Amino acid sequence: IFPPELRFAAVKLFNQLFRCFSSYVYFDITEIDGVNTNELYNAVQLYLSSSVSISGNRLSLTRALNSSAITFGLSNNDCILDSFNGVTVQWEHIVTQRQAQGYLWRPLPEEKRGFTLRIKKKDKPLILDSYLDFVMDKAEEIRRKNQERLLYTNSRGGSLDSRGHPWESVPFKHPSTFDTLAMDPLKKQQIMEDLRDFANGQRFYQQTGRAWKRGYLLYGPPGTGKSSMIAAMANFLGYDIYDLELTEVHNNSELRKLLMKTTSKSIIVIEDIDCSINLTDRKKKSPVSGMRSYYDLPDFRCGGGNGGGYGSISGDDGGGNSITLSGLLNFTDGLWSCCGSERIFVFTTNHIEKLDSALLRSGRMDMHIFMSYCSFSALKILLKNYLNYEEDDLDSIVLNEIKDVIDKAKMTPADVSELLIKNRRCKNRAVTELLETLKSKAEKNEKNSGELRKKEMGLEEEEEQEKRTLDSPKEGSEFEEEEEDCRKETEEEEDDDHEKNNNFIQ
Ligand SMILES: Nc1ncnc2c1ncn2[C@@H]1O[C@H](COP(=O)(O)OP(=O)(O)OP(=O)(O)O)[C@@H](O)[C@H]1O
Ligand SMILES: [Mg+2]
């Protein structure tokens with residue numbers, strides 16, 4: 001009976017009256033704002049997926065491109081309550097049919113989707129100030145967690161891609177985690193806590209006026225898990241990895257450009273740093289110039305031109321065609337290192353003694369982590385991961401035997417895991433072979449160290465002998481000794497006189 005316009009006006013009036021007297025305010029977040037996609041809508045959807053989980057009756061499931069996880073979402077016209085700082089809010093997912101449209105340059109979906117946020121009027125300031133920011137941050141975190149991580153490399157040697165990017169990326173799917181990493185559990189815990197503190201430390205870094213970055217140096221013999229640790233760090237934090245190949249970088253400014261093109265929340269890795277650049281103490285005098293230090297000198301690069309070893313020194317001092325140590329130091333700790341934030345630098349080396357102390361100081365390499373040979377606690381982790389062995393499953397006699405020899409054997413986790421993989425079908429054989437290998441290695445090491453000790457003792461004796469022959473009295477020295485004695489006596493007499501005089505004066 002009523003014309004539609006009148007009916008629409010009446011509903012609108014009723015709604016307005018209702019909202020006037022209601023103690024709630026409503027915010028509509030539509031999927032498409034005009035013709036642009038509304039970022040907030042996607043963020044809310046993702047955020048709610050973490051709180052909805054699998055508890056609802058009817059949920060919508062999505063899996064985005066490049067995502068490694070399925071996310072749950074609210075179904076059409078469903079509601080969910082959320083609380084933030086003690087305030088309860090309600091989200092409603094509203095889906096309606098879109099009315100027929102005229103010609104659009106970009107066709108819109110047939111359904112009109114949006115979230116309506118209902119909050120108490122008195123809570124409005126709190127919600128608008130921080131809740132929506134919180135939702136955005138949380139959504140970003142979930143997105144990062146679900147998204148595949150990327151491994152970037154600069155192996156193109158400085159050339160840029162069509163978008164001006166010097167880095168090439170591939171999906172990063174390394175399965176190493178802190179659970180699979182065999183090392184002392186206490187040390188592992190410390191590293192994990194340090195990483196967690198770093199990732200949650202935005203306010204701390206701001207308060208203390210420090211750039212939000214942290215450096216780790218992983219050192220130890222080959223096969224002790226340095227690269228595996230980097231992968232575990234990336235998986236733990238959900239960061240991308242930039243694997244910087246220093247031998248592909250031609251000069252300091254190229255290094256800086258590479259740094260500028262890295263994103264936040266990433267780990268920048270330089271593996272085998274001692275092989276990539278000459279990193280002797282920058283205070284040492286250069287053998288070539290005599291005046292300038294290594295710090296000022298251009299780098300002697302590995303594998304450059306003359307195949308292996310450090311390349312030759314060019315006449316250039318930094319701005320030209322090779323990286324210098326100072327360039328690298330600026331890269332890790334200079335003003336440029338803080339473009340972007342939340343960066344972790346990881347350097348690895350087999351020879352820490354070769355590195356410049358300037359590179360090792362706190363602020364550049366904040367934490368030095370020694371990756372050691374396989375210890376008993378590390379072995380237990382490997383046995384559990386590779387053979388599904390718990391400590392109680394093993395015979396205590398065998399366990400004690402292993403405990404006795406494992407440190408002396410100096411076997412790397414890589415060697416141990418290889419042995420376990422080889423025998424993974426027969427657990428008993430794996431353990432017996434492991435024990436045998438450990439014993440024979442321990443014996444060999446002891447024999448070697450005994451021989452070395454003997455050699456050293458022999459050398460020491462020879463040196464002593466040489467010293468004795470050099471120190472043996474020469475002709476005329478007796479007279480010198482007598483003279484020395486006389487001199488001492490006169491000096492003592494003089495001192496006595498002085499004392500007497502002094503006493504007297506006093
Ligand atoms: N601590 C460890 N925990 C678990 N697995 C390990 C560990 N160390 C080594 N491995 C195994 O050995 C292999 C080699 O280890 P990784 O590449 O991490 O050693 P690395 O210390 O980086 O050696 P390099 O100095 O030669 O680069 C890995 O594939 C991993 O499976
Ligand atoms: Mg490695």
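What is the order of the strands in the open sheet of seven strands? I looked this up and read the order as 10-9-12-13-14-11-15, with mixed pairing.

**Entry 1: basis**

I noted that this is a predicted model, in which local features need pLDDT of at least 70, side-chain atom pairs count only at pLDDT 80 or more, and totals for chains, interfaces and linings use all residues. Residues are numbered from 1 along each chain as its sequence is written, while chains are lettered from A and ligands numbered from 1 in the order in which they are written.

**Entry 2: the chain**

I recorded 15 helices and 15 strands in the protein chain; helices (H or I, at least four residues) and strands (E, at least two) are DSSP runs, numbered from the N terminus. Of its 506 residues, 24% count as buried, that is, with 20 or more other C-beta atoms within 10 Å of their own, C-beta atoms being placed from the backbone.

I found strand 10 and strand 15 (367-370) at the edges, each pairing on one side only. Two strands pair if DSSP finds at least two bridges between them. From one strand to the next the twist averages 20 degrees.

I then followed the pairs. Strand 9 (residues 149-153) and strand 10 (residues 168-172) run antiparallel and are joined by five bridges; Leu151 has Val170 in strand 10 as its bridge partner. With strand 12 (residues 240-243), strand 9 pairs in the parallel sense over three bridges, and Tyr152 stands opposite Tyr242 in strand 12. Strand 11 (residues 213-219) runs parallel to strand 15, with four bridges between them; the partner of Leu217 in strand 15 is His368.

**Entry 3: helices 4 and 6**

I examined helix 4 (residues 185-199) and helix 6 (residues 226-237), whose axes come within 11 Å and cross at roughly 45 degrees. Helix 4 is therefore oblique to helix 6; angles under 35 degrees count as roughly parallel, over 145 as roughly antiparallel, 65 to 115 as roughly perpendicular and the rest as oblique. Axes are lines fitted to C-alpha atoms, for helices over the stretch in contact, and angles run from 0 to 180 degrees between N-to-C directions.

Which residues of helix 4 meet helix 6? I listed Met192, Leu195 and Ala199 in helix 4, against Met233, Phe236 and Leu237 in helix 6; residues are in contact if their C-beta atoms, placed from the backbone, lie within 7 Å.

Conventions: Contact = placed C-beta atoms within 7 Å. Buried ≥ 20, exposed ≤ 12 C-beta atoms within 10 Å, placed from the backbone.
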